[in-house]
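Q: I would like to learn how to read a protein model feature by feature. Could you take me through this one slowly?

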Amino acid sequence: MLEVKLRYPEADLHCHTTASDGLLTPRELVKSAAEKGLKAIGITDHDTLSGWEEAIHAGQLFGVDIVKGVELNTDWNGIEVHILGYEMNPMSTILQEKLSELREARSKRVNTIIEKLRELGLPIQKSEVEKVSKGESIGRPHIAQVLMSKGVVGSVKEAFERYIGAGAPAYVPRYKITPEEGIDLVRQAGGVSVLAHPGIFGLERGVARWVEAGLQGIEVCHSEHSREDEKKYRELAKKSGLLMTGGSDFHGEERKPGIQIGGWGTCLGVVDDLRRIAYSHHL
């Protein structure tokens, strides 16, 4: 297996666009990646594939290879587990139906959060949140941006801490699928399933069961991983026979301050491995 050792990555495999909760359009994201010298970039929006087409066209224009992906939020005994899916078949009926279901659940959750905010004396409209979201996958970061625009909070972090994060007065639990369901969904759609940023929640104890469920990779290099985390998950990936990936988890400066495209990532060999594994699913 290829390791994540490059100081300056060739590929950033974890990026978000306006199709979900990122601040750059797919075209803007790809252009920025090209300007930074990246050879490949992963489009991994939450619960949607809608940024793929624009990104692919931009990739052809700016000379950047587009790795098609998605990020699924799952729940394991009350702990968030994010599953990245790469190079899936966009025509998969089961994938499209489940993503639609997840987006609808997101929308209902936003409605309930807005109601709670109104009860707290913070009247915001669903239309304001939808205007900010721009894409089809709506969520709490968009509510946070509206609260910022109204001067209620000074940052996304403050919005989550004071109002919409876990334990805050307007928090609403999300619709939950399990990591196993997320992994199975990716695999059924012909994709490669990767455990995202395990170091954030210390997820190493769940890896064995998820490998049994079909997990194929671990995001070793990530903007919220320390060097110790990278070493730990690199060793775990080797032990478990998992592909090692890497990405910045870029959203945009207002959403995730200091996280730049290409600041974290991997080499082009990992992109080749992802596609080789995905291709093998179709044989």
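Q: Is Asp47 buried or exposed?
A: This is a predicted model, and the description rests on computed values. A residue counts as buried when its relative accessible area is under 20%. Asp47 has a relative accessible area of 5%, and therefore it is buried. As for its place in the chain, Asp47 is found in the loop between β2 (40–43) and α2 (52–62).

Q: What is the phi of Asp47?
A: Most residues other than glycine have a negative phi. In Asp47, which is not a glycine, phi is positive, near 60 degrees. Asn77, likewise not a glycine, has a positive phi of about 50 degrees, and Asn77 is found in the loop between β3 and β4. Asn77 has a relative accessible area of 69%, so it is exposed, whereas Asp47 is buried at 5%.

Q: Which side chain makes a polar contact with the side chain of Asp47?
A: The partner is Arg106, whose side chain makes a polar contact of 2.6 Å with the side chain of Asp47. Arg106 is found in helix α3, and Arg106 counts as buried because its relative accessibility is 18%. When residues up to four places away in sequence are not counted, Arg106 touches His46, Asp47, Asn73, Ser137, Ile138 and Gly139.

Q: How many residues does helix α3 have, and what does α3 pack against?
A: Helix α3 covers residues 93–119, which is 27 residues, and it reaches 40 Å from its first C-alpha to its last, close to the 39 Å expected at 1.5 Å a residue. Among the buried residues of α3 are Leu95, Leu99, Arg103, Arg106 and Ile113. The buried residues of this helix pack against β3 (65–76), α4, α5, α6 (156–164) and α7 (179–188). After α3 comes Gly121, whose phi is positive, near 85 degrees.

Q: How are α4 and α5 placed relative to each other?
A: Two packed helices are described by the angle between their axes and the distance between the axes. Here the axes of α4 (residues 126–133) and α5 (residues 140–149) come within 9 Å and cross at roughly 110 degrees, and the two helices are therefore roughly perpendicular to each other. On the α4 side the contact is made by Glu128, Val129, Val132 and Ser133, and on the α5 side by His142, Ile143, Gln145 and Val146. These residues divide into four nonpolar, three polar and one charged.

Q: Where is His225, and which residues does His225 touch?
A: His225 sits in the loop between β6 (217–222) and α9 (227–240), and because its relative accessibility is 8%, His225 counts as buried. Residues that are separated in sequence can be compared by their C-alpha distance: His225 and His197 are 28 residues apart in sequence and 7.2 Å apart in space. Leaving out residues up to four places away, His225 touches His197, Pro198, Gly199, Ile200, Glu219, Val220, Glu230 and Tyr233. A polar atom of the His225 side chain lies 2.9 Å from the backbone nitrogen of Gly199.

Q: Is Glu87 buried or exposed?
A: Glu87 has a relative accessibility of 12%, and so it counts as buried. Glu87 lies in the loop between β4 (79–86) and α3. Apart from neighbours within four places in sequence, Glu87 is in contact with Ile66, Val67, Lys68, Gly190, Gly191, Arg275 and Ala278.

Note on methods: Residues numbered from 1 in each chain as written. Predicted model: local features only at pLDDT ≥ 70, side-chain atom pairs only at ≥ 80, totals over all residues. Heavy atoms only, no water. Axes fitted to C-alpha atoms, helices over the stretch in contact; angles between N-to-C directions. Helix = DSSP H or I, 4+ residues; strand = E, 2+ residues; numbered from the N terminus. Parallel < 35°, antiparallel > 145°, perpendicular 65-115°, else oblique. Contact = heavy atoms within 4.5 Å. Nonpolar A, V, L, I, M, F, W, Y, C, P; charged D, E, K, R; others polar. Expected span 1.5 Å × (residues − 1). Buried < 20%, exposed > 50% of the residue type's maximum accessible area, 1.4 Å probe, protein only. Polar contact = N/O pair within 3.5 Å; in protein donor to acceptor, adjacent residues only side chain to side chain.
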